[in-house]
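Thank you all for making the time.

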Amino acid sequence: MVTLKKDPLNLIITGVGGQGNVLASQLIGNALVAKGYFVTIGETYGASQRGGPVMSHVRISEKTQCAPLIPEGKSDVILGLEPMETIRIIGPYGNPNILVVTNSRPIYPLDVTVGNTKYPDWKVIRAVIAELSQKAYFVDATEMAMNLGTPILANIIMVGALVALKVLPLNREDILGVLQETFSTQKLEINIKALELGIETINNKNN
Amino acid sequence: MSIVNLDAPGRTVLMMGNEATARGALEAGVMVATAYPGTPSSEIIGSLAEVAKEREIYVEWSVNEKVALEVAAAASMAGLRAITAMKQNGLNVACDYLFTLGLTGVKGGIVLVVCDDPASHSSSNEEDTRAFARMGDFPLLEPTTFQEAKDMTIYALELSEELRTVVILRGVTRISHARGNVKLGELPKDHRKPYFDTSSPFTYSPMVQKHSLLHEKLNKAKERFETSPFNSYEGPEKPDLMVIASGTGIFYSREAVTLMGLEDQVGILKLGTTWPLPDRFLGKHLARTQKIMFVEEVDPFLESNVKEVWADLAPILEIGPRTFYGKRSGHIPIVGELTTDRVIEGLKKALDEVYEPCDPNYSRRAKEVTKEFVSDRALGFCPGCPHRASYWAIKNALKLDDREGFLTPDIGCYALARTASGFFLSKTGGAMGSGTGLACGFGKLQEFGFDQSVISVCGDSTFFHAVMPALVNAQYNKSNFVMCILDNSATAMTGFQPHPGVGTSAMGDPAPILDIEAICRAMGAKVEVKDPFDLKDTTETITRLFQDREGVKVLILKRKCALLKAKGEKPPYKIHIALENCVGQDCGCNQLCTRIFRCPGIIWDTETKKAKVDEVICVGCGVCTDICPNSAIIKEET
Amino acid sequence: MSDIKGPSDLEKEVLKQKLCVACGACMGLCAYFGTFQGKVVMLDSCKLIQGRCYAFCPRTTTDMEKLRLEFFDKRDFLPEIGPFRGLYITRASDKSIRTKSQHGGSTTALVELAMKEGLIDSAIMTCSNGGLNPSGMLVSKPEEVRRCSGSSFQIPPSLMILNQALKENKYKKIGVIGTPCKTLAAYKTRSKPFAENDHHADNIAMVFGLFCGWGLDWVGLEKVIEGKTPPEKVKHIDVLPSKYQILEVKTRNGRIEVPLDEIYPIVRESCRYCTDMTAEFSDISIGGARSSKGWDFDRGWNQVIVRTRKGEELLKIAREKRILEFREIESENFDKLKKASRNKKKNATQNILKKTGNGNNLLYLDPEDPGLKGLLHSAI
C-alpha cells in the first residue's frame, strides 16, 4: 500500500529555540513509526537555548531510512513556527512545489531588538512566502495559544494544521495517540484542545 | 517512562542515535556507564542515568573523560560489561589512559563511544577520532543507521569481550542527535557479579610483548570483519564509479546517486568496520572498477587506509591502477560537514555529470529573498544570565585598569565572551581548562617586562574537570593573574547534568557537595567571593585585584544560572522604563542598554525612540537598573 | 559647531595621545567614561558623531579668542597671563584657615565668602584629604568649604561632579574651583556649544582658578611617598620655589624633603603639554606668592589675579569685610609672574612639537591664539 505521494516525503519544521520544534517533530515521527513508516529526523540545534534557530528535517519513507538532512531544493512541506525562520529555510530547501504553513508571530532576533536592523513587514513576508510556494497557509498560532493560556501551545496548533492539510499520512487519531503517550493527564486536555484548534483553523480556511 | 528502557522486544520505535546506543548497551548487559557531558554525546549516559535504578546498573557523571574511561575500565577488569561515551575533545582527554588500556587488555566487554562533531556545531574544533583507533590499535565501528547504532553497540561489547580489548564506536552529530527507526531487542534479566582476578593482573609490561599481543587481537578482529554484515556492496556488478563510504556518508551517497539517476553507473561499498580494514573483502570490491570515490566525515581516514590496502594488494590480485577521488583530490571538501549536496558535487566532477536540484530561477530568487529579509540570530546570554553581569564588570575593570588587559576564557556558556553579548572580551580560545593554563603562562612574563593585566574565566563544572591542576600550577609557580570562577551551580551548555558542586548524582541521589571556595583556599590561594549582580562591588573588586601583581587571585562570582530558576520561582523584580528619564539616542546614552548591554529583555522601541521592557522575556533580575546612566530603568520588588 | 566631534575622536585625539588631564569634563554626562587612580578611561563608545564630552574637553581644539571674547573684556587681555584686571598679594585673615591651607588660604576664604554673600550657592572643589588621593566634591554650606582646604598635587576629575550637578539642575549658582585645565573646560561648558542641549550651563556662576605647574601621576606619587613615609600620615605637600628643587612633605611627625629629580619622572605626561599656568579662564585666579621676601615669608601668602568685574566685586567685599589681608605688591612681582607664565607656554609648545615632530601639528593648540604669539615660530 503506497500512501506517500512522494518517497521520501520531506518535511522541515523550523523555528527558534524554545518553541517546541523538537517536540513537534517527535510527535509526528512517533505517530508515523507506529504506522509502520521509516522516519528519519535530523535536527540542528547547537546553542538554540540561547536564541538561535532550530530546524528539524523530517523524512518519511515506506522503503528505507534516509539521510538525516534534506538536500538542497528538496523539501515538500515547510512548517514554520516563526516567519523569518520560514523564509530562512525556503532559501536553500524550497522549490516551486512546496507547501508552506507558517505561524504569524515573530520572535525578534537580538539585532532587531537592539535597533540595528528591522524585522520585515508582515505583508512582505506573506507575499514572499506565497510567491515562493505552490500553496501557503498563515496561522495565528501564537495568538490562539495565548487564548488557551500559554504561547508554548503554538507548536501543537501547527501540528493540527498540518494534519488538517492531509499532506502527511496521518490523521487526527494518530496524533491523539502520541499525545496520550507523551503528556500527563493534567497537560493532555489542553494539548488536545490545541490540536483541534489547529485542525479547525485549516478546515475553516478551506471551506 | 523512558524509551530506552521499554520492555517490548520486537517493537519498532523512533529513537535518537544516542538513545539507540544506550539501548544497545542495556540489551548487551552493560552494568556500568560513565561519561562527562559533551555535545553531541551527552544523551547516551544521560538516558542510561534516567533508567539506572530500574535496570539496577551504575551510571556516573565522572569529573572528566579520563576518569570516566578509568571507571568503566575498572568495571570491565572486574568482569562486568561497561560503556563510556564522550565527544571528540573528550577522547583527547581520555586517550592517555586509553593507550595503556590497549596494552593491559580488558575482561568484560567495554565499548568506547565517541561522537564527533563535524562542522563544529557545538565544539571548538572538528576532529576525526578514528585516528585514535589506528594509533592505539583498537577495532573501530561506524554505524550508518539508528538500528546499527544499537546493533553495533551490542556487537562491540561482544567483540571486546571475545578479544579482551576496547572496541571504539564512532558516530557523528547527524547520527547521535538524529532520530530513526529502531527495532528493540530483549532486555537482560540477570546481572553478573564483579570479581577482579588477582592471578591475572592487567599490566602493561613487558611492553613489547603486550604490544604484540594487541596486534594479534587486531588481526583477529580483521578476520571477523572480513565477513561482517556491517559491510556490504550495493549497485551494479561493474559500476563506472564505486563509492566507498562509512557512517552518514552511506546515506548521503545513496541519496546523491538516486537524485542524479546514477543507479546503473555508481555502486556503493558500505563499510561499517573501518579499522582494521578487511583487506580481502576490500580487494574483491576494488577490482570492480577503476574509479573509486571516498565519502566520509572529517578526515580522509578511509581514503588513506584503503589506498594502502590497494598498494599492498594490487600486485597480488592484479588490480590495475585506480583513480581515487575524495578529500585529497578536492572532490569532497576536507573541512566542514558532509551533505548530500556535497557528494553530488563530487560525483558531478568525477563523472562529468550535470544536476540541478530545482528550477534555477526559483533557486536564485529564493536565495535573493533570504538574503534580503533574513538576519542572523546572534547568540547571546539568556535574560538574567549572571555571565552578562560578570562580563560587564570585567569589561569595565579592564578599561579602568588601563593596561591593555585581556580575558582568557574556557569552555561553556561563558565562552560567548567572544560575541557582542560578551562584549567581545575573549582574546584566546582553548580546550577544557586552557583559559587558566594560558593565564599561568601570561602571568609569568612579568620578568620580561610584560605589564598587561590578565583575567582567566572558567565555570564550576570546568573547575572540577580540568582547572584544578592549572590552579595548583599557578599557585606553585607564583603566576600573576586574576582567576575568575563563574559559579552558576550548573553545567549549563550541555544540558544541566549534575557535577561535584551541586549535590546530586547522575542517578538522582544526594551527593556530597565539593566546595570550590574551600578547595581554592586549601591550595593556599587568595580567594574572594562576590555576587556578580552587584555590578559596582564586582567591578571595584576586579579593578583592585588587578593592582596586586603577585601570584594568582581567585575571584568566585557566585549566582545561579537563570534557567535553573525557570520553574516555580517568581521573578524578584518587575522592571519598567521611566520614559521621561530615558535619554534614548541622545548624547548621554545612545542606547547603552540595548546596544551594548544587550539583554534580550530590553528592546528598542523604534516608534517612541526609547527603551522598552519585553515582559515576556524579561525575568526580572534587576541588573539593568544599575547600568542606566539616567535611572530610567526602574525595578519594583514583586 | 562643525569642529565638535564625538567620543571615538576624543579617545583617538586626547586619551590615546596622552593629552588627557583627567579633569572630568567628559565624565558624569553618561555611563561611558570611568575613573581609576586619577586617570579617565573610556569604557565603551556611544558612537555618536558629536558629543558634549568632546565639546567640553580642554584638550580638544578650542577657538581661544572666541571663548575669551564671550566672557571677558577684550581690552583686559594680556598675552602672557590672559585677561587681567589686577594683581594682589593676600592671605586669609582667619588664622585657622591658614593652618590647613596650602599657602595663604585665600581660595578657601574667598569661596566661603562668595557662598555667604550669595554669589554662589554651591561649589565644586577638590577635597585635599590631607595631601594624597584627593577627591572632587560638591559643597553647599560655607562651613563645608574649609573641610576641603589643603594642598593637592594629584588632580581628581572633579568636573564629573559639576556635570552631575548641572544635570540635576538643583543648584543655580555653582562655583567651580580648579586647576587651569578644569577652568578652561568649565568655560567651554559655559559657552553652550549645542543649541538643542545647553546642559543648564548658565547655572555656573563663578569660576576660581588655581595656579598650576603640573600634576603628578597618582600611583607614581604614592610609590615615592611609600618609600619615605607611610602615605596615611601625610598632611601637606608643597613644591618650594624653583631654586630649592624640593617637594616638601609634611607628616604628622615632621617634614621630609623629596628632591624634585625624583618627582619630575612622575609628572603626568599630559601636564607637559599644558600652556596655562595662571588659569587664564576664571573670575579670580589664585596661586602661591613669590616675592623678594623669600619663601619662609611667601609660603603663607597668595598671589591673586582678578579677571572679571564679578571677581573684582568679590575681592572688594573681601577687603571691606576684612576676610582677606592684603600686602604690598613689589614692582618686579608682575614681571616675574608674566615670565613664569610665558615659560610654561614655551615649554609646552616645545614639548608638543617634539611629540608630533611636525611643525604644522600642534595637537589641541590654536595656532591663532594670541597668547601663543611668538612662541610657535621660535620653537620651530
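This is a predicted model: local features need pLDDT of at least 70, side-chain atom pairs count only at pLDDT 80 or more; totals for chains, interfaces and linings use all residues.

I would like to begin just after helix 12 of chain C, where C:R322 takes a positive phi of about 55°.

Let me step back into the helix itself. Helix 12 of chain C covers residues 309-320, and its 12 residues reach 16 Å from the first C-alpha to the last, which is close to the 16 Å expected at 1.5 Å a residue. Which of its residues are buried? They are C:G311, C:L314, C:L315 and C:A318, and because these buried residues fall within an arc of 95° when one looks down the axis of helix 12 of chain C, they line one face of the helix.

The contact between chains A and B takes 47 residues from chain B and 46 residues from chain A. On the chain B side, at least two residues each come from strand 1 (12-16), strand 8 (179-183), helix 9 (248-260), helix 12 (340-351), helix 13 (360-373), helix 19 (592-597) and strand 21 (602-605) of chain B. Helix 13 of chain B gives the most to that side, with 7 residues, and by class the side of chain B that touches chain A divides into 20 nonpolar, 17 polar and 10 charged residues.

One residue of chain A can be followed across this contact. A:G115 sits in the loop between helix 3 (110-113) and helix 4 (122-131) of chain A, and, its neighbours within four places in sequence aside, A:G115 is in contact with B:Q591, B:T594, B:W604 and B:T606. Is A:G115 buried, exposed or partly exposed? It is partly exposed, because 18 other C-beta atoms lie within 10 Å, and being buried would call for 20 or more.

Turning to the other pair, 15 residues of chain C are in contact with 14 residues of chain B. Strand 1 (33-36) and strand 2 (39-42) of chain C are the elements that give two or more residues to the side of chain C that touches chain B, and that side has 8 nonpolar, 3 polar and 4 charged residues.

Strand 17 (residues 481-487) of chain B runs parallel to strand 19 and is joined to it by 7 bridges, with B:V482 standing opposite B:K553. Strand 18 (residues 526-530) of chain B also runs parallel to strand 19, through 5 bridges, and here B:E528 stands opposite B:L555. Strand 18, helix 18 (residues 535-547) and strand 19 of chain B together make a right-handed β-α-β unit.

I will finish with the backbone. B:D137, although not a glycine, has a positive phi of about 65°; B:D137 lies in the loop between helix 5 (130-136) and strand 6 (140-141) of chain B, and B:D137 counts as buried because it has 20 C-beta neighbours inside 10 Å. B:F496, also not a glycine, has a positive phi of about 65°, and B:F496 lies in the loop between strand 17 and helix 17 (516-522) of chain B. With 16 other C-beta atoms within 10 Å, B:F496 is partly exposed.

The bond from A:D7 to A:P8 is cis, with omega near 0°, and A:P8 is found in the segment before strand 1 (9-16) of chain A. The bond from B:S205 to B:P206 is cis as well, with omega near -5°, and B:P206 has its place in the loop between strand 8 and helix 8 (207-226) of chain B.

Conventions: Residues are numbered from 1 along each chain as its sequence is written. Chains are lettered from A and ligands numbered from 1 in the order in which they are written. Two strands pair if DSSP finds at least two bridges between them. Helices (H or I, at least four residues) and strands (E, at least two) are DSSP runs, numbered from the N terminus. A crossover is right-handed if, with the strands pointing away from the viewer, the path from the first strand over the helix to the second runs clockwise. Two residues are in contact if their C-beta atoms, placed from the backbone, lie within 7 Å. Ala, Val, Leu, Ile, Met, Phe, Trp, Tyr, Cys and Pro count as nonpolar, Asp, Glu, Lys and Arg as charged, and the others, Gly among them, as polar. The expected span of a helix is 1.5 Å times one less than its number of residues. A residue is buried if 20 or more other C-beta atoms lie within 10 Å of its own, exposed if 12 or fewer, and partly exposed in between; C-beta atoms are placed from the backbone. The arc is that of the directions from the helix axis to the C-beta atoms.
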